[in-house]
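Q: I would like to go through this model before setting up calculations. Could we take it topic by topic?

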Amino acid sequence: MKVFRWGSRALDMFPEDTALHKTYSYEGKVIVIGAGASGLAAAKILQTNNIDYLVLEASNRYGGRLKENKTLADFPIDLGAEWIHHLPAVLNRLKGKSGDLVEEETVPYNAFYKFDKDFGYSSYGKIFTWINSSLLRLLFFFRFKFFPEFKFKNSSWFNFLDRNFAEEVKHKIEFNSPVTKINYSEDKVDVITRSGKVYKADKVLVTVSIGILKSDYISFIPDISKEKKDAIESIVFMPGFKLVMKFSEKFYPDIIMCKAKTGEKEYYDMAFKKETETHILGLLVQGSSVEDFYCLESEEHIVLKALEELDQIYEGKASKAFTGEYALEDWGRHEFTLGTWIESFQYNQSLIQTLNEPLNGKVFFAGEVNDLNHQLGVPGAIVSGYHSIDKLLTNL
Ligand SMILES: Cc1cc2nc3c(=O)[nH]c(=O)nc-3n(C[C@H](O)[C@H](O)[C@H](O)COP(=O)(O)OP(=O)(O)OC[C@H]3O[C@@H](n4cnc5c(N)ncnc54)[C@H](O)[C@@H]3O)c2cc1C
């Protein structure tokens, strides 16, 4: 059961000395590709060590798969990563601090799951209804005890990244600069963007999602090895989206789990344990269930389908209580993401090592998929940023 050594159960595997605890005196120029959690963590190290660097970001914003909506509710809503699949102490570790007392206010995510027959559990409907009220409560109690998860109370993952990383380095980001080519055949590395602009660097750190690497959006000269290509190909990076809807009343439970052939699908109360009177319901869809939505012609149709599904079990209450306000973030079809997240625990360390392997000691890789310390998701991406920038600066 590899999953039990990841996330909250792998805090003891968080590296004791990250790049945050070291000093570097590198004289060359470094380019970081991508301003997500991993790229910004690496940039912070370059900034604090006065190293000449630049971050090239494809989109017009930083954060990558961390994004915040501040208009729908009186609390910030994470449109990307939202849960701390960890003990809150990881927030200290990510900042280079020890101790378990964190300054961020967090809440335990010990939500009660509901399985509903109208969401594909028809043959088991009655069983689930029974289990719902008794055994499941117990099961989820133990699940939380064994594999605890938390959420930010009145903050967000995006805000955490913004305050602790982006603040210091955002002046070094060149936005709207999608990299399409990396030529590392000469002494200096040429990094070429879609507009044809050429940037020269001594070393480069690539932090784009595995979806972008799979898509061949970036060509490498010389080409990357077959072994690395195969490793990239073998990683499953499912499509998915998050729909956030505002309602005038709370007619739904904490979570409604829906059946999904691959990935997951759930409706869940995004205001869970927040200090708010606003009713925000999220729909997170990843994997096979996206097909039911991707075949629809517009965002509005996706919202209507979600309302229809909810109306079926809540007897029309969803449509009645819907305020018409929503936000939809389609990570699966986002040009610079092309997927959601990876289930790291499915992969062995040697595969992740292969993904990490630098090219000619000049082009390095970091990001969620390169996490060698079992930290998962955002913490994994940040730790990987620290790890790879350390390798880059020390030439290992
Ligand atoms: C819906 C959703 C829910 C999630 N929930 C959680 C959760 O609850 N908890 C958790 O810990 N994790 C969660 N995750 C995963 C988490 O968001 C990621 O693991 C983490 O944000 C990855 O960071 P990264 O820096 O590796 O990659 P990214 O965030 O993808 O950053 C890569 C950056 O590179 C840029 N880029 C791409 N291509 C190019 C190019 N060619 N040139 C220049 N720049 C480029 C992108 O625009 C982006 O800014 C979730 C993800 C999604 C999508």
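Q: Where is Leu 338 found?
A: This is a predicted model. In it, Leu 338 is found in the loop between strand S19 (322–329) and helix H11 (349–356).

Q: What is its phi, given that Leu 338 is not a glycine?
A: The phi of Leu 338 is positive, at about 55°. As background, most residues other than glycine have a negative phi.

Q: Is Leu 338 buried or exposed?
A: Leu 338 counts as buried because it has 20 C-beta neighbours inside 10 Å, and the cut-off for buried is 20 or more.

Q: Which loop holds Asp 216?
A: Asp 216 lies in the loop between helix H6 (210–214) and S14. Its phi is also positive, near 60°, and Asp 216 is a residue other than glycine.

Q: And does Asp 216 count as buried or exposed?
A: Asp 216 counts as exposed, because 11 C-beta neighbours lie inside 10 Å and the cut-off for exposed is 12 or fewer.

Q: Now the peptide bonds: what is the geometry from Ile 221 to Pro 222?
A: That bond is cis, with omega near -5°. In general, most peptide bonds are trans.

Q: Where does Pro 222 lie?
A: Pro 222 lies in the loop between strand S14 (219–221) and helix H7 (226–234).

Q: Changing topic to the ligand: how many residues surround it, and which are the closest?
A: There are 40 residues around the ligand, and the closest are Gly 34, Gly 36, Gly 64, Ala 81 and Gly 377.

Q: Which elements give two or more residues to that shell?
A: Helix H1 (37–48), strand S15 (240–247) and helix H12 (377–394) do.

Q: What is the make-up of the shell by class?
A: The shell has 20 nonpolar, 15 polar and five charged residues.

Q: Which domains does the shell draw on?
A: At least three residues come from each of domain 1 (2–65 + 160–236 + 343–394) and domain 2 (68–153 + 237–329).

Q: Last topic, the open sheet: what is the order of its five strands?
A: The order is S9-S2-S1-S13-S20, with parallel pairing. Strand S9 (173–174) and strand S20 (363–365) are the edge strands, each pairing on one side only.

Q: How many bridges join S1 to S2?
A: Five bridges join strand S1 (residues 29–33) to strand S2 (residues 52–56), and the two run parallel.

Q: Which residue in S2 is the bridge partner of Ile 33?
A: The partner of Ile 33 in S2 is Leu 56.

Definitions and conventions: Residues are numbered from 1 along each chain as its sequence is written. This is a predicted model: local features need pLDDT of at least 70, side-chain atom pairs count only at pLDDT 80 or more; totals for chains, interfaces and linings use all residues. Helices (H or I, at least four residues) and strands (E, at least two) are DSSP runs, numbered from the N terminus. A residue is near a molecule or strand if its C-beta atom, placed from the backbone, lies within 6 Å of it. Ala, Val, Leu, Ile, Met, Phe, Trp, Tyr, Cys and Pro count as nonpolar, Asp, Glu, Lys and Arg as charged, and the others, Gly among them, as polar. Domain bounds come from an automatic or database domain assignment. Two strands pair if DSSP finds at least two bridges between them.
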